[in-house]
Amino acid sequence: MFKSIQWKIILIFMILTLSVMIVVGTFLLQNISEYYHNDFATTLSAQTFTPKVTAELERAAASDDPIGEITELMNIYSVRMGIDSFRNYYILDGTTAEVLSGSDSETREVEITENIVFALDGKVGQEVDRSNRYMDFALPIQVDGQTRYIAYVIDSKEEVYDIIKNIFINILWALLFGLLISAFLGFILARMIILPISNLQIRAEEMANGDFGQKIEVRSNDEIAKLTGAFNDMASQIEKSLSDISGEKKKVETILAQMTDGIAAFDMEGSLVHLNIAAKNYLGAATMEEIEGFADFAERLGFDISLESLTYLEQNGVVARETKKDNRILKVLFAPYSDETEKNGGVIAVLQDITEQTKLEGARREFVANVSHELRTPITTIKSYAETILDMSEEDTPEKNFVAVIESEANRMARIVTDLLTLSRLDNGASRIEKRVFDLAEMTKGVAEKLALDAKNHGLEISFTRGEGAGEFFGDSERLEQVVTNIVSNAIKYTPEGGKISVMYKSLNARVYIVVSDNGIGIPERDLPRIFERFYRVDKARSRESGGTGLGLAIAKEFVEMHGGEIDIKSEENKGTIVTIALPMVQV
Ligand code: ADP
């Protein structure tokens with residue numbers, strides 16, 4: 001309860017009043033006490049015992065009845081001295097300070113105070129020490145330079161104490177009223193401040209419950225009114241943003257629902273947060289609840305994959321997997337997504353039905369294989385007849401030239417057919433590699449030497465460098481030779497006259513690297529990603545002219561991958577190309 005602003009304000013008001021009253025009270029009481037002390041001193045020294053009165057007293061002291069006459073004089077001045085029940089005068093003996101007479105006849109003896117000691121010494125004792133519980137004044141009455149008597153006035157200060165006490169009680173009453181008034185004012189002020197704040201609080205709670213309807217009325221023009229105005233603006237902004245978001249959400253939901261691809265989203269805990277209709281169909285689940293998180297999802301698709309490995313190991317990468325489910329071939333793409341704080345939010349899986357695509361692809365490959373197979377015999381026949389005719393005719397006739405063209409084209413066709421058959425065999429898994437230990441460095445050098453003549457005919461220079469590391473390799477020597485030959489031939493084909501080709505071999509950290517670089521025409525950047533595709537050629541006319549089929553790199557890649565290696569092309573148009581073959585060394 002005391003934590004509320006209302007109580008804090010009331011408390012501050014009360015503390016303020018209390019401190020003001022304490023300060024004022026202390027000053028007041030101090031001043032009153034000071035006034036009384038000063039008044040006592042001036043009344044006696046300046047107003048009563050003037051030099052004239054002192055002389056009168058001295059004269060009386062020298063008379064026959066000194067005490068009687070002094071008493072008489074003192075009685076005359078008693079009103080001026082303010083003698084009453086709290087203030088008395090005494091006539092003391094000038095040497096013993098014994099009481100000889102006085103206004104209070106019952107007192108026979110007085111305490112020897114500092115002022116009396118002064119008077120005994122012949123000086124006026126008029127010191128007012130506020131810490132004493134009395135105020136006194138002692139006047140020496142001298143005869144012939146000798147202190148005979150002392151006129152002594154003492155005030156018990158009881159009157160001062162009475163007055164101070166009364167004022168103090170009044171101050172306490174004033175304090176009490178002051179506190180009540182300040183508490184009341186504090187209460188009113190607090191209500192004035194708190195009421196609009198409470199209204200804001202209630203509205204904020206309503207907003208949190210989704211009710212944006214009403215606005216808070218702004219009555220005044222103070223800071224709280226401005227805050228309320230800002231709050232109203234904020235409420236309408238939030239309402240607008242929320243309706244925008246929900247509109248967007250509905251749009252996305254409709255798109256997801258209509259998609260033929262399945263979408264499943266998981267959070268970092270592996271709980272399913274979204275599953276569209278297509279995904280439900282693919283998974284054979286009627287409702288979202290049937291899928292018990294990511295592990296169950298992966299198991300239903302027959303994947304041995306964990307959410308952690310997708311979000312942490314495959315950072316920001318997309319992981320693609322294929323699976324068979326209910327006579328369907330599904331391609332599943334897993335992609336981690338980040339939340340609004342750029343942290344891992346979870347994983348989205350996209351399920352694509354690639355059954356038809358796979359079937360078509362199979363049919364296409366089968367067709368290509370069949371056609372290539374069927375074409376092989378007729379092409380071989382054409383080739384051999386053309387060769388025979390060429391061998392037979394000696395003269396250089398136009399017919400002979402035609403036959404030469406037929407032979408060259410038949411050769412090209414034969415090469416395409418051979419390449420296609422190689423790829424078909426690779427696709428069908430009919431092609432197996434036959435591994436043996438051989439010297440890969442020597443083999444690479446051999447290819448460079450073999451093609452040196454060809455290069456020279458094209459006006460090119462070819463060089464071989466043997467780097468560090470062993471040359472022995474366990475693999476399929478024929479296929480690797482085919483790969484290296486193809487890469488070096490490409491360098492020769494696509495490097496203009498006067499160019500340089502370098503072939504380098506080295507082995508390092510259990511990996512073999514064969515690097516073929518040229519300073520030829522290069523490959524435009526846009527073509528690089530597709531360069532390993534079958535039949536992909538950058539400049540079709542040029543490639544055909546140089547006898548290319550567009551299959552060489554595709555075959556090279558397959559062969560290299562069969563050895564567990566990678567092939568990489570870096571190229572810049574009109575600058576040159578670097579092809580790197582990296583193969584892991586396997587222990588025999
Ligand atoms: P091709 O039989 O046409 O040479 P490849 O599969 O060997 O087919 O190569 C595909 C395409 O890549 C070629 O058509 C050519 O455009 C390009 N290419 C390959 N190697 C090089 C190279 N060293 N320099 C420039 N372009 C190249």
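How many bridges join β11 to strand β13, and do the two run parallel or antiparallel? I looked this up in the model, which is a predicted one. Six bridges join the two strands, and β11 runs parallel to β13, which spans residues 500–508. Within this pairing I noted Ile462 opposite Ile501 of β13.

I then traced the sheet as a whole. It is open and has five strands, in the order β11-β13-β14-β16-β15, with mixed pairing. The edges are β11 (461–466) and β15 (566–572); each has a single partner strand, so one side of each lacks a neighbour in the sheet. I recorded an average twist of 10° from one strand to the next.

Next I looked for helices on the sheet. Helix α12 (residues 440–450) lies across β11, β13, β14 (511–518) and β16 (576–584), and its direction is at about 170° to β11. Helix α14 (residues 477–493) lies across β11, β13, β14, β15 and β16, running at about 20° to β14.

I turned to the aromatic rings. The count comes to ten aromatic pairs. For Tyr35 and Tyr36 I noted ring centres 5.6 Å apart and planes at 85°; the angle is over 60 degrees, so the pair is edge-to-face. Tyr35 is exposed, with a relative accessible area of 53%. I also found one aromatic cluster formed by Phe266, Phe294, Phe297, Phe303 and Phe334.

Last, I checked for charges over rings. Lys506 lies over the face of Tyr513, at 5.8 Å from the ring centre. Lys557 lies over the face of Phe532, at 5.5 Å from the ring centre.

Notes. Residues are numbered from 1 along each chain as its sequence is written. This is a predicted model: local features need pLDDT of at least 70, side-chain atom pairs count only at pLDDT 80 or more; totals for chains, interfaces and linings use all residues. Side-chain values use heavy atoms; hydrogens and water are left out. Rings of Phe, Tyr and Trp (its six-membered ring) pair if their centres lie within 6.5 Å; planes under 30 degrees apart count as stacked, over 60 as edge-to-face and the rest as tilted. Buried means under 20% relative accessible area, exposed over 50%, partly exposed in between (1.4 Å probe, protein chains only). A charge sits over a ring if NZ of Lys or CZ of Arg is within 6 Å of the ring centre and within 35 degrees of the ring normal. Two strands pair if DSSP finds at least two bridges between them. Helices (H or I, at least four residues) and strands (E, at least two) are DSSP runs, numbered from the N terminus. Axes are lines fitted to C-alpha atoms, for helices over the stretch in contact, and angles run from 0 to 180 degrees between N-to-C directions. Contact means heavy atoms within 4.5 Å.
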